[in-house]
Amino acid sequence: MYAIFENGSKQYKVSEGDLLKVEKLDANVGDTVQFPVVLTADEKGIQVGKEVENVKVTCEIVSFGKEKKIIVFKYKAKKNERKKQGHRQPYTLVKVTAIGAGTAKKASAKKTEAKAKAE
């Protein structure tokens with residue numbers, strides 16, 4: 001089973017036990033955080049939209065760090081304008097502990113429940 005969740009206007013595909021670098025979070029090492037799920041998929045099929053609105057990905061914060069340095073060089077030809085900058089993006093390393101799909105229902109299950117109530 002895997003899930004796709006959104007954080008920091010980026011989407012990540014994860015399974016249980018994965019280690020992942022996400023945008024820096026305001027929490028401490030060892031804390032658990034939850035992210036809302038956009039899509040889940042398993043052997044039964046794919047679920048999106050209303051089917052996964054209550055599903056959460058639970059992660060444990062492992063560490064904090066900075067990415068490898070990148071060089072930003074701005075240059076204008078024939079103007080003697082040069083500007084060199086470096087940047088290191090901060091990140092949070094998280095471990096996926098659970099994908100909470102227990103509260104999600106399939107659309108077909110909802111339809112059968114509605115038919116049973118109508119009869």
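**The aromatic rings in their setting**

From the N terminus on, the elements run β-β-β-β-β-β-β-β-β-α, that is, one helix and nine strands, where helices (H or I, at least four residues) and strands (E, at least two) are DSSP runs numbered from the N terminus. This is a predicted model, in which local features need a pLDDT of at least 70 and side-chain atom pairs count only at pLDDT 80 or more, whereas totals for chains, interfaces and linings use all residues. Residues are numbered from 1 along each chain as its sequence is written, and side-chain values use heavy atoms, with hydrogens and water left out.

The pLDDT, the predictor's confidence in each residue from 0 to 100, averages 85 over the protein, and 84% of the residues score at least 70.

Turning to the rings, a search of the whole structure finds three aromatic pairs; rings of Phe, Tyr and Trp (its six-membered ring) pair if their centres lie within 6.5 Å, and planes under 30 degrees apart count as stacked, over 60 as edge-to-face and the rest as tilted. One of the pairs joins Phe5 and Phe35, which are stacked at 4.7 Å centre to centre with 15° between the planes. This pair links distant parts of the chain, with Phe5 in strand β1 (residues 2-7) and Phe35 in strand β4 (residues 32-42), 30 residues apart. Phe5 counts as buried because its relative accessibility is 0%, and Phe35 counts as buried because its value is 6%; buried means under 20% relative accessible area, exposed over 50%, and partly exposed in between (1.4 Å probe, protein chains only). Together with Tyr12, Phe5 and Phe35 form one aromatic cluster.

Another pair, Phe73 and Tyr75, is also stacked, at 6.5 Å centre to centre and with 15° between the planes. Here Phe73 is partly exposed, with a relative accessible area of 48%, and Tyr75 is likewise partly exposed, at 47%.

Two rings also carry a charge over them, in the sense that NZ of Lys or CZ of Arg is within 6 Å of the ring centre and within 35 degrees of the ring normal. The charged end of Lys13 sits over the ring of Tyr2, 4.4 Å from its centre, while that of Lys21 sits over the ring of Tyr91, 4.6 Å from its centre.
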